[in-house]
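Trainee: Could we go through this model together? I'd like to start with the terms and then look at the details.

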Amino acid sequence: ENRPPTNQKTKYEADKNRKIIAIEHKATAETSQNEDYTKVVVNWAPMLYPSPNSKMVYKVIPLDVFTPPDMRAPGGSTGLHAVESTIDELAYAARIDPREFRHRNYAERYERDDLPYSHTELRQCIMQGAAKFCWEKCNPETSRLSTGNTVGGYGLEREIWEWVSLT
């Protein structure tokens, strides 16, 4: 793994109907003194979770380290783990199943550009995955599943890929 270390802080808020009303995602990454390497880490949350109040902050700090090389996956693979972990925590705090929380905050369109997403089968995918992984047996407050002396956990993370059409 040659991705630069990233320090991320997320803060979200939901209303009484468990709809997200505020998103803040801050990230600080490192680069070398010789090059200005950046990887988009914080722009993904508003694509997945529309909110009337969004603040995304990304800072790059030049240090005496090597220049990070390009990786195949976008910065979303770094940033979305923090986003989805925060969504889980918000769902647990609201005492709602993380799947239901995501359904209530599901985006059919990319609100910034008012464009529909090309594929919108995510709800069905989440339901099918939950059935195959026996999600209903998990403790809804922690997503823990205990069997005998073993305790495991379930999680849910979404990914998104932004591309530009030139046609």
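This is a predicted model: local features need pLDDT of at least 70, side-chain atom pairs count only at pLDDT 80 or more; totals for chains, interfaces and linings use all residues.

Trainee: OK, where is Asp114, then?

Mentor: Asp114 sits in the loop between strand S4 (109-110) and strand S5 (115-116). Its phi is near 50°, which is a positive value in a residue other than glycine.

Trainee: Is Asp114 buried or exposed?

Mentor: Asp114 counts as exposed because its relative accessible area is 51%, where buried means under 20%, exposed over 50% and partly exposed in between, with a 1.4 Å probe and protein chains only.

Trainee: And what about the phi of Arg95?

Mentor: Arg95 has a positive phi of about 55° although it is not a glycine, and this residue belongs to the loop between H2 and helix H3 (98-104). At 64% relative accessibility, Arg95 is exposed.

Trainee: Stepping back, how many helices and strands does the protein have?

Mentor: There are 4 helices and 7 strands, and along the sequence they follow the pattern β-β-α-β-α-α-β-β-α-β-β. Of the 167 residues in the protein, 34% are buried.

Trainee: Which residues have the most contacts inside the largest nonpolar core?

Mentor: They are Tyr12, Ile20, Tyr49 and Phe101, in a core that has 18 residues. Such a core is a set of buried Ala, Val, Leu, Ile, Met, Phe, Trp, Tyr and Cys residues joined through side-chain atoms within 4.5 Å. The elements that give two or more residues to this core are strand S2 (20-32), helix H1 (45-48) and helix H2 (76-93), and the largest share, 5 residues, comes from H2. As background, nonpolar side chains tend to be buried together in soluble globular proteins.

Trainee: What is Tyr49 in contact with, leaving aside its neighbours within four places in sequence?

Mentor: Taking contact to mean heavy atoms within 4.5 Å, Tyr49 touches Ile20, Ile23, Val83, Glu84, Ile87, Arg102, Asn105 and Arg158, once neighbours within four places in sequence are set aside.

Trainee: Switching to Ser32, which side chain does its own side chain make a polar contact with?

Mentor: The partner is the side chain of Thr67, at 2.5 Å; a polar contact is a pair of N or O atoms within 3.5 Å, where within protein one must be able to donate a hydrogen and the other to accept it, and residues adjacent in sequence count only if both atoms are side-chain atoms. A polar atom of the Ser32 side chain also lies 3.2 Å from the backbone nitrogen of Asn34. Ser32 lies in strand S2 and is buried, with a relative accessible area of 1%.

Trainee: Last topic: how many aromatic pairs are there?

Mentor: The count is 1 aromatic pair, where rings of Phe, Tyr and Trp (its six-membered ring) pair if their centres lie within 6.5 Å, and planes under 30 degrees apart count as stacked, over 60 as edge-to-face and the rest as tilted. Tyr110 and Tyr117 form that pair, which is stacked, at 6.5 Å centre to centre and 25° between the planes. Tyr110 is buried, with a relative accessible area of 11%, whereas Tyr117 is partly exposed at 22% relative accessibility.

Methods:
Residues are numbered from 1 along each chain as its sequence is written. Side-chain values use heavy atoms; hydrogens and water are left out.
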